[in-house]
Amino acid sequence: MRHSETPQLEPIRPSYHVTILRDDQLERLKSATLDILAQVGINCPSEKAVDIYAEHGAQVDRGSQIVRLPPDVVLDAISHAPRFYTMGARLPAFDIELDGSAFYCATDGCGVETIDFETRQRRASIKDDVARMARVADYLSSVGFYWPIVSAQDHPHTAPLHELDASFSNTVKHVQTETVMDEAMARYAVEMATVVAGDEETRRARPPLSSLVCTIAPLAQDKGGMESALVFAEAGLPVGFMSMANAGSTAPATLAGTVVAADAEIVAAMVLIQMAHPGAPVYHSLMPGIMHPRTGGYLGTAWEGELLYAVGVELAHAWGVPTLAGIFGTDAQVPGWQQAAEAGSSLLLTALCGADTGSGMGLVESCTLLHPEAIILDTDIYHRVRIDVAGLDTSPEALALDVIRDVGPRGHFLRERHTRDHVRQREFSDLVAQPRPDGSYRDPIDVAREKTNAILENHRPQPLDDAQRAEFERILDAAEGEMGGA
Amino acid sequence: MTSKTPDIVPFTSPFRGELLSPVQLRSLKQGTLRLLDEVGIHFPSQEALEIFADHRARVDWDGQTVRIPPDLVDRAMSTAPRSFTLGGREERFDLTLDGSCSYLCTDGTGVHVADLETREMRPSCKEDVAMMAQVCDALPLVSFFWPPVSAQDYGTTAPLHQCHAALIHTLKHIRGGMTVAPPLAHYAVEMATVVAGSERQRRRRPPICANICTIAPLAHDDDGLATALTYAEAGIPTSFMAMPTMGSTAPATPLGALVVGDAEVVSGMVLLQLAHPGAPVFHSIIPSLMHPRTGGYIGEVFAPVTMIAVQLAHAWGVPSLGGGSLSTDSATIDWQAGSDGGRGSALVPLIGGEICGYMGLTDSSMVLYPEKVILDHELCRGAYDLLHGFSFDDRDMALDVIAEVGPRGHFLAEQHTRRHIRDFRLSKLLHEHAGDPSPRAPREVAREEFKRIYETHQPRPLEPAVLAELDRILAAAEREAERK
């Protein structure tokens, strides 16, 4: 079967910026993080990680697995972290250069349920969902890189590797995993990245895979997650750490308290990576929530909480590393008014703060439920924001004084060549204002569903070659032989 | 029993963006000056043509076109005040238009209403204006009440009845002046005088302002001009609003549309300054796009266009009506309306503009769903929380609490949590739950909230003598309208 071209990426390139925190505020937050790391410490249940911390000057209490990091140790380690690097793709045209000029966005990830593509019934997510949505994401210029959007629950023992298989096989873009959470699994994932890159040197120069590991709030790390991160970093694959500290339950019930507790978790993890592999590409991701005071529920899109996504961008840059910002994400259960109303503000603000990467497109219900058409709806909002923060053509041709003079008062511009030349360049939504035969407009959600189906029917990205496919099969067989599921 | 109207909450923002450099702005203004000088503007009004002729503009009497030399534009605009006050019924509702903050307004002027009770779509009427004024009176982020719909139960005097319904049902500033048959315009001024208490007060703290739409490209409406001159003479602040549509009534480029709109607005402001130097005027360009395939109207334009429109107003030394907008082209309250509202509210503090927001209508400002103003207000409150800056002190960082809890603990039992967890301003609309854990539809909650306010909020009424005087003015206006 012939494959189809993958459209070029269209990252967000802001023409102006805003700043949330003053320099002195950033310094106070960083200083508080350093105080927490030195005085309270981090719980690290990985002996391997504790050994690395100890060898590099941390004070380690092996009984309680608490690691305390003196400020000079933190600052020395973090000074090795690169601010700019490349996130490679299967095809070089889709490499992402994190150079501070553009904002690349990814899908959301690791949802657990899917509204079935055909039956529209709600069910547990499977590998084929990851594959299908990778193809949709491959087609969308809004998606800079792909997070396996749901969990491959039909492969319970080796789900993360099957998610990578489904992703790499269906998109030529960079893939970021958020589920490889133990050392053995990480080694197989690195093997897959090498297969995609072609060789170790390319894998290091243009890593096609990166990883995200969540910390545990408050102030703790996951053994498997950290050991997996060390494997990725050793292989030159970027690793990031995300804190989802929840104000009121796993973090203080104040925004500043939540920020510093979360920042301490992220920084401690990045420090470990730099101690073990100085110069390894890392990134910082602050995605806090707020506990609903009456229900105890998780609120990912409370307005004040969203402000912290932008604060996270500035903190990441203050530590000298790129960010993965919180974007989109909705607590709504279905696409509709609320989902759309909540979607754009975090993207707009993090873009204006200079975010490097962000994730969150395509899921609803607090990042757990895949509605196949949600990514198309989010893409519409993405492009609005992309144009909202861009500049405007101020050339004499755009000013069009001659055309206005020719038309004159009470004329019209319909038959002007200038109109023909320019009207198709205007960007506007292709979901809204789609007419029905009776002149009324179609529901944008129906249009989005149709577009999803059309992409799935027609878009076949360049596949892995036969040798790569065979290698993937071998790796998956070996993993299943080791971990079960064969 | 009357209720206290809450103080209004203006939007201040540390995040305002400015796209054009001073040099780029000057070049755009020079484009406007060239159009005014070389192409001219259609003024179908003998009175306006005479005013321009008296001030040595080049008047083509047959073509009713005026070419205005740049020095005359500059001289006229130099008398326009950069800052002035829009009055409320009490001083705490006065709006100071000086660029330091944005005041949010309702949208206008629709013609259909989804009835609050029956949900049937019907033509709008005066009672709808009264209902909306009463509810908006209770919404702190609504600082400026534009009658959202037309009083279609009153023919040619509808704008006066809209003004009347608003003046008696809210203490906030009213956009009470619209284009009317010229002999009726002074009745709006009379109503403003009665509510203000005197002519002097009307001029100092005018309780109404006016908006006059231009005609794109490069033209004015005869009744609009006559009405605007009446309002300006009375000190009623007046905006000219250009609505150029890229591709049909303006070039298919944003900058081309802006310069067409700017020429229309500036020509109107120049006329008022020549006739009544110092008259308070403001500037408004609301560009749109013609759908290239259907020819339909796309009201949503991108932020840089609106941002430049606001910059242009300020570059001419007058306030701006325009900025972030929650108005939607969607026919109903759906995904599109949510997308437009969420984005529009977030743009309010980024774009600035003295009057902006446009809350409450769907279908390109044609249809009123009463509950939409509650939803829009909530989105604006969210944007206010989100974009109001981030301040904290050492106590907020709670380092002692973090140390006390330590790794792998929790904060549920902490006194600090009990003290502060209620400080988060969670949305009652977005995070409201039914008896079971499932969330309620925000629109349903909003409709309930609208009804609750409508049933319980009674703004302080005007004095009986003032009400009687307003009735007398309306009756006189009706008689004059019948005579026409």
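Two strands are taken to pair if DSSP finds at least two bridges between them. In this predicted model, that criterion applies to β19 and β20 of chain B: two bridges join β19(B) to β20(B), residues 367-368, and the two strands run antiparallel. Within this pair, T362(B) of the chain lies opposite V367(B) in β20(B).

The pair belongs to a wider arrangement. Chain B holds an open sheet of four strands in the order β8-β7-β20-β19, and the pairing in this sheet is mixed. Its edges are formed by β8 (121-123) and β19 (361-362) of chain B, each of which pairs on one side only. In general, the strands of a sheet pair through backbone hydrogen bonds, either parallel or antiparallel.

Chain B as a whole contains 17 helices and 20 strands. Its C-alpha atoms occupy a box of roughly 85 × 55 × 50 Å along the principal axes.

Among the helices of chain B, α6 (residues 185-196) and α8 (residues 222-233) pack against each other with their axes 9 Å apart, at an angle of about 25°. Angles under 35 degrees count as roughly parallel, and α6(B) and α8(B) are therefore described as roughly parallel to each other. Their crossing is right-handed. On the side of α6(B), the residues involved are A185(B), H186(B) and V189(B); these meet T227(B), T230(B) and Y231(B) in α8(B). By class, this contact has three nonpolar and three polar residues, with no charged residues.

The axes of α2 (residues 47-55) and α9 (residues 255-276) of chain A come within 9 Å and cross at roughly 75°. Because angles of 65 to 115 degrees count as roughly perpendicular, α2(A) and α9(A) are assigned to that class. The contact brings together A49(A), I52(A) and Y53(A) of α2(A) with L272(A), M275(A) and A276(A) of α9(A). Here the class count is six nonpolar, no polar and no charged residues.

Most residues other than glycine have a negative phi, and most peptide bonds are trans. In chain B, however, the peptide bond between A216(B) and P217(B) is cis, with omega about -5°. P217(B) is placed in the loop between β11 (208-213) and α8 of chain B. L218(B) also has its place in the loop between β11 and α8 of chain B, and this residue has a positive phi of about 60° although it is not a glycine. In chain A, a cis peptide bond leads from A217(A) to P218(A), with omega near -5°. P218(A) is found in the loop between β11 (209-214) and α8 (223-234) of chain A.

Finally, the two chains meet each other. Their contact takes 90 residues from chain B and 93 residues from chain A. On the side of chain B that touches chain A, helix α11 (residues 335-351) of chain B gives the most, with nine residues. The residues of that side of chain B comprise 50 nonpolar, 29 polar and 11 charged.

Methods:
Residues numbered from 1 in each chain as written. Chains lettered and ligands numbered in written order. Predicted model: local features only at pLDDT ≥ 70, side-chain atom pairs only at ≥ 80, totals over all residues. Axes fitted to C-alpha atoms, helices over the stretch in contact; angles between N-to-C directions. Parallel < 35°, antiparallel > 145°, perpendicular 65-115°, else oblique. Left-handed = near helix turned anticlockwise from the far one by under 90°. Contact = placed C-beta atoms within 7 Å. Nonpolar A, V, L, I, M, F, W, Y, C, P; charged D, E, K, R; others polar.
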